[in-house]
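Here is a friendly note to read with the model open beside you. Take the points one at a time, and try to find each feature on screen before moving on.

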Amino acid sequence: MQYNVAQLLKEPVGSVRRYELQEMIDGLDNDLELLGPVVGTLQIMRTNSGVLVTATLSTALRVECSRCLEPIVMPLRFEIEESFRPLTEVETGRYLRPDEFQGEAEDYEDEALLIDEHHILDLAEVLRQNIWLSLPMYPSCNWAGEGECPNLIARRQMLDEMQQTEEGSTLAAESEEIDPRWSALLALRGQLNDKE
């Protein structure tokens, strides 16, 4: 998601470019599994110290439900509003120092908010950060019925069966290796586990 803003930087403050987006973004982040394109509207406006990017975007991701651990589709809708500053003047190519701009110093040192020396504005990092911020902290499959989620119930049953199988095989293996004089204690341990 790169935009050449050289012409816009030559125009007066308040000049605007609008774009309709529908882009597949592969390789944005290895931990984000995008299921579709990023769709929405993007506006780039000339300001006195660079450009202001505003966007309303949506996409869908595959995430893991925090309750049942099953993969689910999570639709996302988010907004972007960021100021970008150029590294160089368009007409002269002169390097622009951060103190020549208004605003917070840390904003002008953030590499994600810089327009490179070729006047290319790259939205990839800002987009990646906004996707992470718009994800719910604990995504869930939003089971709307009564009781617990059916996926969660099935997952618990599967884990219980696996645990019982492991315990049975562990007890069988231990009983083969145990000195017969200790077998009475092993039987007692089995009875205590059954009571729990």
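1. Let's begin with a term: two strands count as paired if DSSP finds at least two bridges between them. Keep in mind that this is a predicted model. With that in hand, look at strand E4 and strand E5 (residues 71–86), which run antiparallel and are joined by 14 bridges.

2. E4 and E5 form a hairpin with six residues between them. In that turn, have a look at Leu69, which has a positive phi of about 65°.

3. Strand E3 (residues 38–47) pairs with E4 (residues 50–64) in the antiparallel sense, over nine bridges. Here Val39 has Ser58 as its bridge partner in E4. How many residues lie between E3 and E4 in their hairpin? There are two.

4. Next, the aromatic rings. A search of the whole structure turns up one aromatic pair. The ring centres of Tyr3 and Tyr19 are 4.9 Å apart with the planes at 45°, so this pair is tilted. Because Tyr3 sits in strand E1 (residues 2–4) and Tyr19 in strand E2 (residues 16–23), the pair ties together parts that are 16 residues apart in sequence. Tyr19, at 29%, counts as partly exposed.

5. On to charges: the structure holds four salt bridges. One of them joins Glu11 and Arg17, whose closest N and O atoms are 2.5 Å apart. Glu11 is partly exposed at 22% relative accessibility, and Arg17 is partly exposed at 26%.

6. Arg128 deserves a careful look. Its side chain meets that of Asp29 in a salt bridge (3.1 Å, N to O). This pair links distant parts of the chain, with Arg128 in helix H3 (residues 124–134) and Asp29 in the loop between E2 and E3, 99 residues apart. Asp29 is buried, with a relative accessible area of 16%, whereas Arg128 counts as partly exposed at 22%.

7. Arg128 also forms a salt bridge with Glu125 (2.8 Å, N to O). Both residues lie in helix H3, three residues apart, which is about one turn of the helix. Glu125 is partly exposed, with a relative accessible area of 30%. Through shared partners, salt bridges join Asp29, Glu125 and Arg128 into one network.

Methods:
Residues are numbered from 1 along each chain as its sequence is written. This is a predicted model: local features need pLDDT of at least 70, side-chain atom pairs count only at pLDDT 80 or more; totals for chains, interfaces and linings use all residues. Side-chain values use heavy atoms; hydrogens and water are left out. Helices (H or I, at least four residues) and strands (E, at least two) are DSSP runs, numbered from the N terminus. Rings of Phe, Tyr and Trp (its six-membered ring) pair if their centres lie within 6.5 Å; planes under 30 degrees apart count as stacked, over 60 as edge-to-face and the rest as tilted. Buried means under 20% relative accessible area, exposed over 50%, partly exposed in between (1.4 Å probe, protein chains only).
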